[in-house]
Amino acid sequence: MCLAYGYAGRIGLKNIVLIPAAGVGARFGAGKPKQYVEIGGKTVLQHTLDIFLRHRSIDHIAVVLSPEDAFFQTASIEKTSILKCGGETRAETVRNGIDALFAAGLVEEGDRILVHDAARCCLPSEALDRLLAVASESVDGAVLAVPVADTLKRADSAGCVEMTVSRQALWQAQTPQLFPAGLLRRALAVPDLSSVTDEASAVEVLGVRPLLVLGDSRNLKLTLPQDELIVRLLLAQNA
């Protein structure tokens, strides 16, 4: 059963942010989900929410939590729904969240859903602006990404370098990833989501070719303990 509360917006929304926040963050090793690590007096999740709460073009935000989540404390946030229907994987969490929004009448087929990682709390507003501006030109959606800068190596079974992989035309995907709500819902309505690593990989199966929009190196994802220092520095600069 999905539980939603805190909604204070209008039906027929244009830009809806969906934040999957049901993960446990095992690699981060904080003893609690990394989205609840406190930096500068706020949790990582709150820093992420603030990005979209401040943006003039975001109509509504949906945060999808695990049904067993015991860390989220705020009962009501402006223009935000809290959906306690997270799944075992990110893809399941996103699918459940979209289904809950449709069931509650908070989203329509043509609305745009921006899926954003809860642990990407340093997204610059300029990058978000670029995504929203370019996405309006594409019915296939758009993804923030940055060109791969490092030399890539493919390893063999022994852990040795097998070959150097050309980085030409390779991009590293970020979030938000923006798609028409109906399209994303259809892409995730499959029995097996095990191969879905992000929303773009789901819609690609349908033959859809999302636009790549230049992201930002500051839009990093808090994944490992060493990432926290960089995130702290970036958030302090923006304070």
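I count a charge as sitting over a ring if NZ of Lys or CZ of Arg is within 6 Å of the ring centre and within 35 degrees of the ring normal. With that in hand I looked up arginine 185, which lies over the face of phenylalanine 102 at 4.2 Å from the ring centre. I note that this is a predicted model.

Next, the sheet. I find seven strands in an open sheet, ordered E5-E4-E1-E6-E10-E7-E11, with mixed pairing. Strand E5 (80–83) and strand E11 (211–214) are the edges; each has a single partner strand, so one side of each lacks a neighbour in the sheet. On average, neighbouring strands are turned by 25 degrees against each other, direction ignored.

I then checked E1 against E6. Strand E1 (residues 15–20) and strand E6 (residues 112–115) run parallel and are joined by four bridges. Isoleucine 16 stands opposite isoleucine 113 in E6.

Helices on the sheet came next. Helix H2 (residues 90–103) packs on the sheet and touches E1, E4, E5, E6 and E10. I read about 140 degrees between the direction of H2 and that of E1. Helix H4 (residues 181–188) lies across E6 and E10, at about 115 degrees to E10.

Last, aromatic pairs. I searched the whole structure and got one. The ring centres of tyrosine 36 and phenylalanine 71 are 5.4 Å apart and the planes are at 25 degrees, so I log the pair as stacked. Tyrosine 36 is in the loop between E1 and strand E2 (38–39), phenylalanine 71 in the loop between E4 and E5, so the pair ties together parts 35 residues apart in sequence. Buried or exposed, tyrosine 36? Tyrosine 36 is buried, at 5% relative accessible area. Phenylalanine 71 is partly exposed, at 38%.

Key
Residues are numbered from 1 along each chain as its sequence is written. This is a predicted model: local features need pLDDT of at least 70, side-chain atom pairs count only at pLDDT 80 or more; totals for chains, interfaces and linings use all residues. Side-chain values use heavy atoms; hydrogens and water are left out. Two strands pair if DSSP finds at least two bridges between them. Helices (H or I, at least four residues) and strands (E, at least two) are DSSP runs, numbered from the N terminus. Axes are lines fitted to C-alpha atoms, for helices over the stretch in contact, and angles run from 0 to 180 degrees between N-to-C directions. Contact means heavy atoms within 4.5 Å. Rings of Phe, Tyr and Trp (its six-membered ring) pair if their centres lie within 6.5 Å; planes under 30 degrees apart count as stacked, over 60 as edge-to-face and the rest as tilted. Buried means under 20% relative accessible area, exposed over 50%, partly exposed in between (1.4 Å probe, protein chains only).
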